[in-house]
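Thanks for coming, everyone. Please have a look at the structure before I start talking.

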Amino acid sequence: PCPPCPPCPLCPPPAATSSDEEDDSDSSTKPIRSEKKKNPASLFQTGGDPPKEKKTKKKAPPKAAESDEETPETLQKNSNKKGKGKKSKKSKEERPPSPVIEVDNLEEFVLRPAPQGVTVKCRVTRDKKGMDRGLYPTYYLHLDNDKKVFLLAGRKRKKSKTSNYLISIDPTDLSRGGENFIGKLRSNLMGTKFTVFDNGVNPDRANADWSNVRQELSAVVYETNVLGFKGPRKMTVIIPGMNADNERVPIRPRNDNDGLLMRWQNKNMDNVIELHNKAPVWNDETQSYVLNFHGRVTHASVKNFQIVHGSDPDYIVMQFGRVADDAFTMDYNYPLCAVQAFAIALSSFDGKLACE
């Protein structure tokens, strides 16, 4: 038996904001409470062999009380102008901050899955200053709390045949050979498929037991838009599954035919999880596609998205959206880590015509 149905989201809403609220409020206003009921961790468990080297686990502090806004924000395909009025300013001031999160060892923290039941709330800023920053801006990731703790920096590499972003745990050292290199994001020629690697070595330089070979942390696929119809982006995110100890199953491809993308294309989903962006709903009153970001997003943008598992669209694995011209919020939950979420966000900046 189902509870009484809310008004159909496809009908004209009684107020400008209610359509999205009716459609989405249940889904993500209470991600933590629904987590207690359903335990979303089971969605991501695939078994797999536990990693040989176990990293020390740190207990996360208790989650601060949530004060998510109920105001839905627009996700609009064709313009970034809507949502920039007084309302957006108010929402920006009320944007709920992140709970207190301790970052003792930065390298360990950014690769560690978010603690279950805790939404890690972050802020991405884009720096276009300098000679070529318009083409190669630097992106910075900070915790969205009072301390604004720096987590990661990313920048597109020059002279690469395909889009290639380096990710570093140092805001000033974005070199491939530096000790602060923590991962990278690489696209295919079309710019529609992306793979996220950690800082391991290429399989060609593997040691005897393959322990130093790079892991694939995620892959992102944007549905190509060859006909040019206007509408929201569609994206698929592929990540490694989690083992019984809630640790990421290592995916270390020995060649190009064994990576996350090839496994997904061949429907070989052992130890692999498929996620999708949540479909926004068309709102007749605002004439735009809308999603409920609970005050965390204030500007309409094609780059705004929420990532969910098909079996539980109420559990928001990650959300990303614009709050200013060069500022975005990025929130992620278990099982994602900061490097995975940041790289997925970076892929959304790499706009190609095929994805528009």
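First, a definition. A disulfide is a pair of cysteine sulfur atoms within 2.5 Å. Keep that cut-off in mind. How many disulfides does a search of the whole structure find? The count is 0. Remember, too, that this is a predicted model.

Cys-122 is buried, at 0% relative accessible area. Cys-337 is buried as well, with a relative accessibility of 0%. Buried here means under 20%, so both cysteines qualify.

Now the core. Which residues of the largest nonpolar core touch the most other members? They are Val-110, Leu-152, Met-318, Met-330 and Tyr-332, out of 57 residues. Helix α6, residues 338-349, gives this core its largest share, with 9 residues. There is also a second, separate core of 7 residues. Among its members are Ala-219, Leu-260, Leu-261 and Val-272.

Stay with Tyr-332. Leaving out residues up to four places away in sequence, Tyr-332 touches both Cys-122 and Cys-337. Its other contacts include Phe-109, Ala-114, Val-118, Met-318 and Ala-341.

Val-118 deserves a stop. Where is Val-118 placed? Look in the loop between α4 (106-111) and β2 (120-127). Is Val-118 buried or exposed? Its relative accessible area is 7%, so Val-118 counts as buried. Now find Asn-333. Val-118 and Asn-333 are 215 residues apart in sequence. In space, their C-alpha atoms are 6.5 Å apart.

Next, strand β13, residues 305-309. Why do we call this strand largely enclosed by the rest of the structure? Because 5 of its 5 residues are buried. Here is a general point. Side chains in a regular strand alternate between the two faces of the sheet. Now check that on β13. Phe-305, Ile-307 and His-309 point one way. Gln-306 and Val-308 point the other way. All of them are buried.

What about the neighbours of β13? Strand β10, residues 272-277, pairs with β13 in the antiparallel sense, over 3 bridges. In that pairing, Asn-277 has Ile-307 as its bridge partner. Strand β14, residues 312-324, also runs antiparallel to β13, and 5 bridges join them. Phe-305 stands opposite Phe-320 there. A hairpin through 2 residues connects β13 to β14.

Phe-305 and Phe-320 belong to one aromatic cluster with Tyr-139, Phe-328 and Phe-349.

The structure holds 8 aromatic pairs. I will show you two. Phe-44 and Tyr-315 form a tilted pair, 6.2 Å centre to centre, with 50° between the planes. This pair links distant parts of the chain, 271 residues apart. Phe-44 sits in the loop between α2 (31-38) and β1 (73-75), and Tyr-315 is in strand β14. Both Phe-44 and Tyr-315 are buried.

Phe-194 and Tyr-222 form an edge-to-face pair, 6.0 Å centre to centre, with 80° between the planes. Phe-194 lies in strand β7 and Tyr-222 in strand β8, so the pair ties together parts 28 residues apart in sequence. Phe-194 and Tyr-222 are both buried.

Last stop: charges over rings. Lys-158 lies over the face of Tyr-136, 5.9 Å from the ring centre. Arg-214 lies over the face of Phe-197, at 4.2 Å from the ring centre.

That is my tour. Thank you.

Methods. Residues are numbered from 1 along each chain as its sequence is written. This is a predicted model: local features need pLDDT of at least 70, side-chain atom pairs count only at pLDDT 80 or more; totals for chains, interfaces and linings use all residues. Side-chain values use heavy atoms; hydrogens and water are left out. Helices (H or I, at least four residues) and strands (E, at least two) are DSSP runs, numbered from the N terminus. Buried means under 20% relative accessible area, exposed over 50%, partly exposed in between (1.4 Å probe, protein chains only). A nonpolar core is a set of buried Ala, Val, Leu, Ile, Met, Phe, Trp, Tyr and Cys residues joined through side-chain atoms within 4.5 Å. Contact means heavy atoms within 4.5 Å. Two strands pair if DSSP finds at least two bridges between them. Rings of Phe, Tyr and Trp (its six-membered ring) pair if their centres lie within 6.5 Å; planes under 30 degrees apart count as stacked, over 60 as edge-to-face and the rest as tilted. A charge sits over a ring if NZ of Lys or CZ of Arg is within 6 Å of the ring centre and within 35 degrees of the ring normal.
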